[in-house]
Amino acid sequence: MLFDFSQIAPQDAYKLVVSSVVPRPIAWVVTQDAAGVVNAAPYSFFNAFSDNPVVVGIGCGPKAPGALKDTAANIKETGQFTVCLVPEQAIHAMNATAVDFAPEVDELKEAGLTALPSAKIRPPRIAESPVALECETFQLVPAGRHTIVLGKVLAIHIKDDCVLDAAKCYVDTPKLNLVGRMHGRGWYTRTTDRLEVPRMTVAEWEAKKKAAE
Ligand SMILES: Cc1cc2nc3c(=O)[nH]c(=O)nc-3n(C[C@H](O)[C@H](O)[C@H](O)COP(=O)(O)O)c2cc1C
């Protein structure tokens with residue numbers, strides 16, 4: 001079935017996209033306003049896009065028509081944010097930080113989470129997350145009612161016991177136990193059901209085709 005986005009309401013386009021572009025990683029974004037009040041919220045319009053520089057992107061919708069959510073407002077104001085990734089153990093705390101609190105509420109405190117200092121930026125990271133990316137604004141791209149925040153990643157923290165070999169930069173990805181966002185409100189997926197499909201050279205592909213003849 002074809003859904004032509006020029007013919008349907010934006011809220012229906014949203015439903016179609018978030019129900020089908022799955023699973024999505026979740027950026028648990030920590031920011032601070034100019035006065036230092038800490039803010040945290042999850043964003044699943046999120047991914048990593050490049051490696052040199054490392055750039056991540058987050059799609060922030062409006063709080064109300066024409067008004068930025070606290071995350072985007074703080075990033076616009078300070079140019080700094082931390083992206084933490086969400087392990088299953090922290091899924092309920094993550095959900096608590098999505099409550100629409102007033103800007104002066106410290107969501108980390110509210111959700112019983114622990115703030116750890118970042119190395120290169122002011123906003124802290126979340127101790128309960130095994131991965132934290134320290135970011136500064138690369139570009140803010142307006143996209144209709146969304147603001148796409150592109151962040152340059154300055155440093156990454158990975159929980160010590162999830163690093164297999166620091167010299168080789170090998171990470172024990174299954175041990176991170178991260179979750180992803182699925183369709184609609186409130187649905188998530190674990191990352192425990194994995195499958196390995198080795199990449200092929202042209203020669204390997206040709207050999208495979210020949211073997212199947
Ligand atoms: C798992 C999850 C993913 C979310 N993803 C987004 C998103 O990609 N964009 C967005 O604007 N809001 C998203 N939200 C809603 C925000 O987290 C919510 O509006 C929050 O209150 C914003 O907080 P802030 O104003 O402190 O930034 C998501 C919520 C949850 C629970």
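The legends below describe close-up views of a predicted model.

**View 1. Strands β4 and β5 form an antiparallel pair.** Strand β4 covers residues 46-51, and strand β5 covers residues 54-60. The two are linked by 5 bridges.

**View 2. Strands β1, β15 and β16 make up an open sheet.** The sheet has 3 strands, in the order β1-β15-β16, with antiparallel pairing. The edge positions are taken by β1 (24-25) and β16 (188-190). Each of these has a single partner strand, so one side of β1 and one side of β16 lack a neighbour in the sheet.

**View 3. Strand β15 pairs with β16.** Strand β15 spans residues 179-181 and runs antiparallel to β16. The two strands are joined by 3 bridges. Within this pairing, R181 lies opposite Y188 of β16.

**View 4. N177 sits in the loop between α5 and β15.** Helix α5 covers residues 173-176. The relative accessible area of N177 is 19%; the cut-off for buried is under 20%, so N177 counts as buried. Leaving aside residues up to four places away in sequence, N177 is in contact with V86, P87, E88, Q89, T191 and T192.

Notes. Residues numbered from 1 in each chain as written. Predicted model: local features only at pLDDT ≥ 70, side-chain atom pairs only at ≥ 80, totals over all residues. Heavy atoms only, no water. Pairing = 2+ DSSP bridges. Helix = DSSP H or I, 4+ residues; strand = E, 2+ residues; numbered from the N terminus. Buried < 20%, exposed > 50% of the residue type's maximum accessible area, 1.4 Å probe, protein only. Contact = heavy atoms within 4.5 Å.
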